[in-house]
Amino acid sequence: MRKAIIDYKKVTPEILHLLQDRYPGGYRDRDIILFDDHHNNTIEAVEVRTNDTIYLVKVSSKLHYTMTNVDKTTGDIEEITPSENIVNDLSEE
């Protein structure tokens, strides 16, 4: 079985859907795997598996945001930045 560590920027729609299926309510602290890379930097990642590959997806606020803003039916990612959300929320009051 192949193993791969991937950054948020390289997450494909397929992997994103697998992450959503595995962590439907979002990932929690207990889901995060900690390890050191070859530069002795601590990496935090969550695991998702396909038939032939184990992916460790690096955890970031952008990963969480993308997981919560992707349309499961089309795979389209809503293109709204967090600052736009704040402006939109304030204008609706």
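Predicted model: local features only at pLDDT ≥ 70, side-chain atom pairs only at ≥ 80, totals over all residues.
Local features need pLDDT of at least 70 and side-chain atom pairs count only at pLDDT 80 or more, while totals for chains, interfaces and linings use all residues. Residues are numbered from 1 along each chain as its sequence is written, and side-chain values use heavy atoms, with hydrogens and water left out.

**View 1. The open sheet runs β1-β4-β3-β2.**
Four strands make up this sheet, and the pairing is mixed. Strands (E, at least two residues) and helices (H or I, at least four) are DSSP runs, numbered from the N terminus; two strands pair if DSSP finds at least two bridges between them. At the edges sit β1 (2–6) and β2 (33–36), each with a single partner strand, so one side of each has no neighbour in the sheet. On average, neighbouring strands are turned by 35° against each other, direction ignored.

**View 2. β1 meets β4 (residues 53–58) in the parallel sense.**
Five bridges hold this pairing. Pick out K3 and you'll find its bridge partner, I54, in β4.

**View 3. β2 and β3 form a hairpin.**
The two strands run antiparallel and are joined by four bridges. D36 stands opposite T42 in β3. Five residues lie between the strands, and N40 in the turn has a positive phi of about 65°.

**View 4. Helix α1 (residues 13–22) lies across β1, β3 (42–49) and β4.**
The helix runs at about 85° to β3; axes are lines fitted to C-alpha atoms, for helices over the stretch in contact (heavy atoms within 4.5 Å), and angles run from 0 to 180 degrees between N-to-C directions. The largest nonpolar core has 12 residues, among them A4, I15, V46 and Y55. Such a core is a set of buried Ala, Val, Leu, Ile, Met, Phe, Trp, Tyr and Cys residues joined through side-chain atoms within 4.5 Å, where buried means under 20% relative accessible area (1.4 Å probe, protein chains only). β1, α1, β3 and β4 each supply at least two of its residues, and α1 gives the largest share, three. Leaving aside neighbours within four places in sequence, Y55 is in contact with R2, A4, I6, I15, V46, E47, V48 and T50.

**View 5. Y23 and Y27 pair edge-to-face.**
This is the one aromatic pair in the structure. Ring centres are 6.5 Å apart and the planes stand at 85°, so the pair counts as edge-to-face (centres within 6.5 Å, planes over 60 degrees apart). Both Y23 and Y27 are buried.

How values were computed
Buried < 20%, exposed > 50% of the residue type's maximum accessible area, 1.4 Å probe, protein only. Phe/Tyr/Trp six-rings, centres within 6.5 Å; stacked < 30°, edge-to-face > 60°.
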